Amino acid sequence: MSLITNIANDTARAAKVLAVLDEQTKNNVLADMAAAIRGAAEHIIEVNAAEVAAGKAAGLDEAMQDRLTLTPARIEDMAQGIETIISLDDPVGKERHITDRPNGLKIQKMRVPLGVVCMIYEARPNVTADAGALCFKSGNGVILRGGKEALNTSLAIAGLLQEVLRKHQLPEALISVIPDPDRGLMQELMEQTETIDVIIPRGGEGLIRYVTDNSKVPVIQHFKGVCHLYVDKDADLTMAMDLLVNGKTQRTGVCNALEGLVVHQAVAGDFLPQVSAMCQEKGVTVHVNQAGAAYFSEADVIADDAFGEEYLGPEIAIRVVDDFNQALAHIDQFGSHHTEVICTQNAETARLFQRAVDASAVMVNASSRFNDGSQLGLGAEIGIATTKLHAYGPMGLESLTTEKYVVSGTGQVRE
């Protein structure tokens with residue numbers, strides 16, 4: 001058998017062991033994983049620094065460099081993410097009552113693991129720890145296929161997790177890493193329909209479309225983040241500026257960063273001069289429609305149908321709209337179902353926005369940067385699903401399970 005077939009078979013067998021492991025044992029293993037990552041922080045950073053340097057030399061763009069880079073703070077975030085997962089209830093085995101039938105049958109649904117999850121990702125070595133820990137607690141085996149840019153860092157992190165598994169007499173194949181980034185091996189992974197239950201690609205739009213178009217295994221898509229802030233006519237403009245600065249400039253290369261600003265024409269005259277000054281100060285390139293062009297001394301004027309770019313850098317597209325409905329139409333046309341934000345003091349408008357906007361997270365008077373597993377109390381995330389089958393938004397423990405019917409009777413037979 002091939003390398004990929006062997007890895008997939010080993011992970012599928014290991015997942016059977018994990019599916020019935022009790023919660024306390026899982027938590028003990030996770031605690032040791034968090035400690036192992038903390039204890040090896042210096043080594044991880046050393047390995048990662050070499051890959052960051054190689055990426056720069058190879059011409060990786062700044063967004064990819066940012067995703068690739070690990071710092072002491074980011075490694076601590078990885079460890080804390082695992083510890084938060086420990087504090088969360090294990091969804092596996094949880095039952096909910098559906099109905100009692102007239103013939104006495106008791107109908108329930110039970111949460112069960114998906115089985116084997118395959119992660120295909122680019123330059124994000126933190127995914128190795130996040131996915132490994134989340135899949136472990138939710139009862140799933142996981143196969144990790146990282147990009148060549150972060151392969152050594154991912155192998156170093158996975159090696160720590162596997163060492164902990166061995167210490168607890170658990171199969172290390174529960175967290176498997178493809179040791180070769182060859183694209184042919186990725187294609188073979190996507191054909192393992194007998195052993196892999198779902199594939200989750202995480203990275204650039206090109207990677208996600210390639211996996212979606214070529215995989216024979218079901219795919220949960222995590223497409224690009226074209227996220228907007230809509231500043232309503234009833235907005236607190238000081239708050240709106242805080243949301244804009246945080247969403248656009250804190251980290252520009254992440255999927256929950258703002259890429260679009262939509263401003264109600266009633267507040268454009270007060271707000272956009274402030275936006276212009278902020279963008280000049282922070283070096284943010286502005287693309288703006290004709291209705292907002294007068295407020296910017298240096299801006300690229302674009303047509304109303306030329307929005308929807310994911311810049312992943314210090315750029316933003318700004319549109320002045322006539323009213324709330326036009327703002328909704330803009331977001332519907334150009335958003336990517338990731339994260340949308342409204343700034344308003346009008347509670348009714350906020351409720352309408354939350355109901356009308358189709359996105360995995362809709363924020364009222366809060367930064368787009370909060371659409372993140374750790375920030376939403378999930379501990380970590382395996383990604384942010386922008387399609388609705390079967391998860392929508394940050395995928396934590398529950399999203400890595402499904403439900404099966406469990407039926408209890410007293411000898412009933414169907415007539």
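User: In this predicted model, which backbone nitrogen lies 3.1 Å from a polar atom of the side chain of Thr 344?

Analyst: The backbone nitrogen of Asn 346 is the one found 3.1 Å from a polar atom of the Thr 344 side chain. To read such a feature, one places the residue in its element and then turns to its surroundings. Thr 344 belongs to the loop between β12 and α13, and with a relative accessible area of 2% this residue is buried. Once neighbours within four places in sequence are left aside, Thr 344 is in contact with Asp 232, Asp 234, Ala 235, Thr 349, Ala 350 and Asn 365.

User: How is the N-terminal end of α13 capped, and by which residue?

Analyst: Asn 346 is the cap of α13, in that a side-chain oxygen lies 3.0 Å from the backbone nitrogen of Glu 348.

User: Which residues of helix α13 are buried, and which exposed residues does the face turned away from them carry?

Analyst: In α13, which spans residues 347-356, Thr 349, Ala 350 and Phe 353 are buried; they cover an arc of only 100 degrees around the axis, and so they sit on the same side of the helix. The face turned away from that buried side carries the exposed residues Glu 348, Arg 351 and Arg 355. The cover over the buried residues includes β7 (227-231), α12 (324-334), β12 (339-343) and β13 (361-364).

User: What is the strand order in the open sheet of 4 strands, and what is its pairing?

Analyst: The order is β5-β4-β3-β6, and the pairing is parallel. The edges are taken by β5 (175-177) and β6 (198-202), each of which has a single partner strand, so that one side of each is left without a neighbour in the sheet. Ignoring direction, neighbouring strands are turned by 20 degrees against each other on average. Within the sheet, β3 (residues 116-121) and β4 (residues 141-146) pair in the parallel sense over 6 bridges, and Met 119 stands opposite Leu 144 in β4. Helix α1 (residues 3-18) packs on this sheet, where it touches β3, β4 and β5, and its direction makes about 145 degrees with that of β4.

User: What is the order in the open sheet of 3 strands?

Analyst: That sheet has the order β1-β2-β16 with antiparallel pairing. Its edges are β1 (95-100) and β16 (401-408), each with a single partner strand, so one side of each is without a neighbour in the sheet. From one strand to the next the twist averages 30 degrees. The antiparallel strands β1 and β2 (residues 106-113) are joined by 5 bridges, and the bridge partner of Glu 95 in β2 is Met 110.

User: Which members of the largest nonpolar core touch the most other members?

Analyst: This core has 50 residues, and Met 33, Met 119, Phe 136 and Ile 382 are the ones that touch the most other members. Its largest share, 7 residues, comes from helix α6 (residues 126-137). Apart from it lies another core, of 31 residues, with Leu 272, Met 278, Phe 296 and Cys 343 among them.

User: Which residues have a positive phi although they are not glycine, and which peptide bond is cis?

Analyst: The general idea is that most residues other than glycine have a negative phi, and that most peptide bonds are trans. Gln 169 has a positive phi of about 55 degrees; this residue is in the loop between α7 (151-167) and β5, and is exposed, with a relative accessible area of 69%. Asn 365 likewise has a positive phi of about 55 degrees; its place is the loop between β13 and β14, and it is partly exposed, with a relative accessible area of 28%. The peptide bond from Leu 389 to His 390 is cis, with omega near -5 degrees, and His 390 is found in the loop between β14 (384-385) and β15 (393-394).

Notes. Residues numbered from 1 in each chain as written. Predicted model: local features only at pLDDT ≥ 70, side-chain atom pairs only at ≥ 80, totals over all residues. Heavy atoms only, no water. Core = buried A, V, L, I, M, F, W, Y, C linked by side-chain atoms within 4.5 Å. Buried < 20%, exposed > 50% of the residue type's maximum accessible area, 1.4 Å probe, protein only. Helix = DSSP H or I, 4+ residues; strand = E, 2+ residues; numbered from the N terminus. Pairing = 2+ DSSP bridges. Axes fitted to C-alpha atoms, helices over the stretch in contact; angles between N-to-C directions. Contact = heavy atoms within 4.5 Å. Arc of directions from axis to C-beta. Polar contact = N/O pair within 3.5 Å; in protein donor to acceptor, adjacent residues only side chain to side chain.
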